Amino acid sequence: MSKCEKCGGSMEAEETYEFAGKSLCEDCYLELRVKPVTCDPWAVYGARNTKGKDPQLTDVHARILNLIKTGGPLEAPEICRDLGISEAQFQNNFATLRHMELARACKDGDKVCYTLF
Ligand SMILES: [Zn+2]
């Protein structure tokens with residue numbers, strides 16, 4: 001019996017998943033694979049390792065980039081409203097842009113804004 005390095009839950013050997021050198025339970029592994037956290041260097045590390053050499057920009061990526069290029073820095077709710085996407089969709093797409101070093105988050109006082117890299 002070993003322990004998940006993220007949530008601390010115990011898990012059987014066959015339920016152990018490796019991600020960025022850590023042993024994780026299935027839940028934590030899937031959560032990290034599906035939702036990379038923008039400012040988590042561990043998630044960035046994993047994404048860098050698994051992403052192909054020629055990342056493809058999707059339509060949503062292009063629209064986010066275009067929006068922050070013309071109107072940024074912008075807060076997430078502004079971007080979501082302009083593009084008609086949910087905050088979760090934005091965070092997912094933004095994480096990819098961050099991994100490609102095309103866009104980044106920045107602090108404006110207490111607010112988190114998003115801008116070009
Ligand atoms: Zn876990």
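Which residues in α3 meet F90, N93, T96 and L97 in α5? In this predicted model, the α3 side of that meeting consists of V60, H61, I64 and L65.

**Helix packing**

Two packed helices are described by the angle between their axes and the distance between the axes.

| Helix pair | Angle between axes | Distance between axes |
|---|---|---|
| α3 and α5 | about 80° | 10 Å |
| α4 (residues 76–83) and α5 (residues 87–99) | about 105° | 9 Å |

For α3 and α5, packing at an angle of about 80° makes α3 roughly perpendicular to α5. Sorted by class, the residues of this contact comprise five nonpolar and three polar ones, with no charged residue.

For α4 and α5, the angle is about 105°, and that makes α4 roughly perpendicular to α5. Here α4 contributes A76, I79 and C80, while α5 contributes E87, F90 and Q91. This contact has four nonpolar residues, one polar residue and one charged residue.

F90 is named on the α5 side in the contact with α3 and in the contact with α4. Which residues does F90 touch, leaving aside its neighbours within four places in sequence? They are I64, A76, I79, C80, I85 and Y114.

**The sheet**

Three strands make up an open sheet, in the order β5-β7-β6, with antiparallel pairing. Strands β5 and β6 are at the edges and have a single partner strand each, so one side of each has no neighbour in the sheet. Helix α3 packs on this sheet and touches β5, β6 and β7, and the direction of α3 makes about 100° with that of β7. Helix α5 also packs on the sheet, where α5 touches β6 and β7, and the direction of α5 makes about 110° with that of β6.

How many bridges join β6 to β7? There are six, between β6 (residues 103–108) and the antiparallel strand β7. Two residue pairs show how the strands line up: A105 stands opposite Y114 in β7, and K107 stands opposite V112 in β7. The hairpin of β6 and β7 has two residues between the strands, and in this hairpin G109 takes a positive phi near 65°.

On the other pairing, strand β5 (residues 74–75) is joined to β7 (residues 111–116) by two bridges, again antiparallel. In this part of the sheet, E75 stands opposite C113 in β7.

In soluble globular proteins, nonpolar side chains tend to be buried together. In this model, the largest nonpolar core has 15 residues, and those touching the most other members are I64, I68, I79, L83, F90, A103 and Y114. Two or more residues of this core come from each of α3 (59–71), α4 and α5. A second, separate core has eight residues, among them C4, F19, C25 and C28.

I64 is part of the contact of α3 with α5, is touched by F90, and is listed among the core residues with the most contacts to other members. Y114 stands opposite A105 in the sheet and is also in contact with F90.

How values were computed: Residues numbered from 1 in each chain as written. Predicted model: local features only at pLDDT ≥ 70, side-chain atom pairs only at ≥ 80, totals over all residues. Heavy atoms only, no water. Axes fitted to C-alpha atoms, helices over the stretch in contact; angles between N-to-C directions. Helix = DSSP H or I, 4+ residues; strand = E, 2+ residues; numbered from the N terminus. Parallel < 35°, antiparallel > 145°, perpendicular 65-115°, else oblique. Contact = heavy atoms within 4.5 Å. Nonpolar A, V, L, I, M, F, W, Y, C, P; charged D, E, K, R; others polar. Core = buried A, V, L, I, M, F, W, Y, C linked by side-chain atoms within 4.5 Å. Buried < 20%, exposed > 50% of the residue type's maximum accessible area, 1.4 Å probe, protein only. Pairing = 2+ DSSP bridges.
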